[in-house]
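Subject: Structure handover

Hello,

Here is the structure I said I would pass on. My notes on it follow below.

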Amino acid sequence: MLALELRVREVEEENRVLRRKLSKPPPRSPPVQALHAASHHRGNQSRSHSEEGTGDSDGQKRGVAGNGSDCVQQPTVDKCETIHVAIVCAGYNASRDVVTLVKSVLFHRRNPLHFHFITDSIAQQILASLFHTWMVPAVKVDFYDADELKSEVSWIPNKHYSGIYGLMKLVLTKTLPSDLQRVLGLVENQSDWYLGNCGRTTDHGPPWAGDSTQDIFNAVIKQNPFLVHQMPCFWNVQLSDHTRSEKCYKDVSDLKVIHWNSPKKLRVKNKHVEFFRNLYLTFLEYDGNLLRRELFGCPSETDHNSENLQKTLLELDEDDPCYEFRRERFTVHRTHLYFLHYEHQPSADHTDVTLVAQLSMDSLALYLSDAEAQQFLRYAQGSEVLMGRGNVGYHVVYKEGQFYPVNLLRNVAMRHVNTPYMFLSDIDFLPMYSLYEYLRKSVLQLDMTNSKKALVVPAFETLRYRLSYPKSKAELLYHVWTKGHAPTNFAKWRTATTPYHVQWEADFEPYVMVQRDSPEYDRRFVGFGWNKVAHIMELDAQEYEFVVLPNAYMIHMPHAPSFDITKFRSNKQYRVCLKTLKEEFQQNMSRRYGFAALKYMTADNNS
């Protein structure tokens with residue numbers, strides 16, 4: 001309590017200093033720009049106030065009654081002026097939810113954008129990866145560490161459901177770059193205490209509730225009204241059970257910002273809630289790839305990643321029959337890491353293992369469209385099993401192009417393994433009971449820490465959709481795969497009691513456990529064919545030892561043929577291109593590993 005009292009006194013003194021400064025007449029300045037959290041970056045602009053440049057709708061231009069645009073003259077935004085948007089975001093769920101907001105902003109924008117995110121480390125990792133792979137032209141993103149700012153607001157009594165992050169808006173002026181001069185503040189509440197003719201605070205002033213940043217904003221605004229630019233309330237249409245939001249607009253074109261201002265979110269009772277809900281769901285499932293559009297006529301900073309990608313693509317021959325295969329290798333897929341909540345601390349004995357797999361909606365990186373990602377989310381949230389597991393990291397790689405980027409998905413999953421070891425599998429396999437514990441024991445038994453080993457888990461196949469899973473290898477009576485798995489030596493495995501070494505052979509593609517820093521998969525192989533074979537060849541070239549575990553096994557479950565294997569079987573050009581990519585990979589191996597890699601070409605010719 002003493003610390004809180006001292007902090008309150010410090011703030012009171014700061015307020016006294018602020019009031020003295022504010023008592024001086026404010027300098028004249030141009031009106032704040034609509035939608036700005038702050039703005040300073042102008043670049044080469046014209047002062048044209050065309051519809052394209054302003055972003056104003058016809059509804060704004062003609063004005064509406066009441067809380068509409070006749071309350072104040074609408075400010076304009078120059079065609080190429082950068083609009084700055086500040087957002088507070090923390091945690092896995094909020095990082096997923098904020099994407100819908102970002103999509104709607106990108107959809108409507110006609111200006112360069114600069115997002116300023118106050119985030120925790122989780123949200124920063126997710127959003128930084130998302131924007132990096134989204135590659136939207138004329139969009140810049142900066143992050144500010146919320147953990148460094150918490151002490152500024154943690155002393156404030158707060159009962160708001162968003163917790164301390166609901167107070168983070170109070171630190172914006174201290175956090176954002178000092179050369180950002182103009183700030184837009186929106187009234188958070190439309191109760192009788194707050195709702196005036198133009199959506200501004202009234203003379204009543206709000207009672208101190210201690211549960212919202214807006215109470216603090218309104219207290220300052222009431223004493224110093226010249227600090228803010230008044231905006232019509234269609235810039236913050238509040239949707240909850242107790243708002244009169246319909247007073248803010250007369251037409252759809254009037255709407256600017258829709259705010260689900262309630263823990264109930266889409267379940268609120270509101271006059272036009274069905275319309276707003278459908279509008280929200282539209283952006284929720286909207287294909288984010290369509291938002292990668294240029295802003296014509298506006299110069300933007302050079303994005304070296306985008307520039308290098310375009311240069312690489314231009315070097316490809318579009319008349320090459322395998323052009324689409326080659327292009328897929330360089331395609332940057334929008335990626336959302338940790339789509340669901342994740343929480344796992346590796347064991348202290350440094351033996352922990354992560355299962356790495358990939359899948360699409362029809363076959364743990366997930367290859368989905370925006371709509372399928374929401375379908376997966378609804379399925380997961382309705383599953384007690386999935387919601388009860390916090391140690392599964394789901395990474396969504398969004399669909400683009402005609403091929404299934406199987407090795408990209410594997411690489412995305414591998415890059416975010418936080419355990420020392422990883423078991424590289426496919427999602428259509430069922431591992432034996434207690435495989436996790438067995439693999440961890442094998443780490444110590446085989447001295448994995450000080451050697452380059454790939455521990456092989458023998459793979460079997462069943463034609464039964466329903467089976468009683470064998471509890472030991474003595475009960476295992478399933479088919480073995482000769483092609484691709486023959487070097488495992490199943491005859492020896494049947495009676496083996498200790499691990500044994502095997503040698504690489506052509507087309508070898510076992511499922512293995514390796515250290516986290518092992519080589520990634522080669523992205524040139526997409527869809528069906530050679531995606532695992534090439535990886536095992538790479539491990540062999542780097543002198544990994546293949547060691548078969550005598551008491552480990554997994555069973556492949558039957559399923560309908562994938563779309564890619566159907567294309568492989570029915571499309572001759574598909575097979576020709578796969579053969580071409582395979583030969584190019586082998587040649588690349590020879591250049592990298594020299595004489596030792598000649599065996600791969602020889603073995604393939606003899607197979």
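Glu324 sits in helix 11, which covers residues 323-330. Please keep in mind that this is a predicted model.

Arg326 is buried because its relative accessible area is 19%, the cut-off being under 20%.

On the chain as a whole:

- The chain has 607 residues, and 48% of them are buried.
- Its secondary structure consists of 20 helices and 19 strands.
- The accessible surface is about 31,400 Å², with 52% of it belonging to carbon and sulfur atoms.
- The salt bridges number 21.

Next, a network. Salt bridges link Lys103, Asp287, Arg334 and Asp370. Within this group, Arg334 pairs with Asp370, with 2.8 Å between the closest N and O atoms. Are these two partners buried or exposed? Asp370 has a relative accessible area of 4% and is therefore buried. Arg334, at 1% relative accessibility, is buried as well.

Lys103, another member of the network, is one of the buried residues of helix 4. Also buried in that helix are Tyr92, Ser95, Arg96, Val98, Val99, Thr100, Val102, Ser104 and Leu106. I also looked at the length of helix 4, which runs over residues 92-108. With 17 residues and 1.5 Å a residue, the helix should span 24 Å. The C-alpha atoms at its ends are 26 Å apart, which agrees with that expectation.

One further salt bridge is worth a note. The side chains of Glu509 and Lys532 meet at 3.8 Å, N to O. Glu509 lies in the loop between strand 16 (500-502) and strand 17 (511-515), whereas Lys532 belongs to helix 17 (residues 531-541), so the pair ties together parts that are 23 residues apart in sequence. Lys532 is buried, because its relative accessible area is 12%.

Regards

Technical notes: Residues numbered from 1 in each chain as written. Predicted model: local features only at pLDDT ≥ 70, side-chain atom pairs only at ≥ 80, totals over all residues. Heavy atoms only, no water. Helix = DSSP H or I, 4+ residues; strand = E, 2+ residues; numbered from the N terminus. Expected span 1.5 Å × (residues − 1). Buried < 20%, exposed > 50% of the residue type's maximum accessible area, 1.4 Å probe, protein only. Areas by Shrake-Rupley, 256 points an atom, 1.4 Å probe, with all protein chains shown as cover. Salt bridge = Lys/Arg side-chain N within 4 Å of Asp/Glu carboxyl O.
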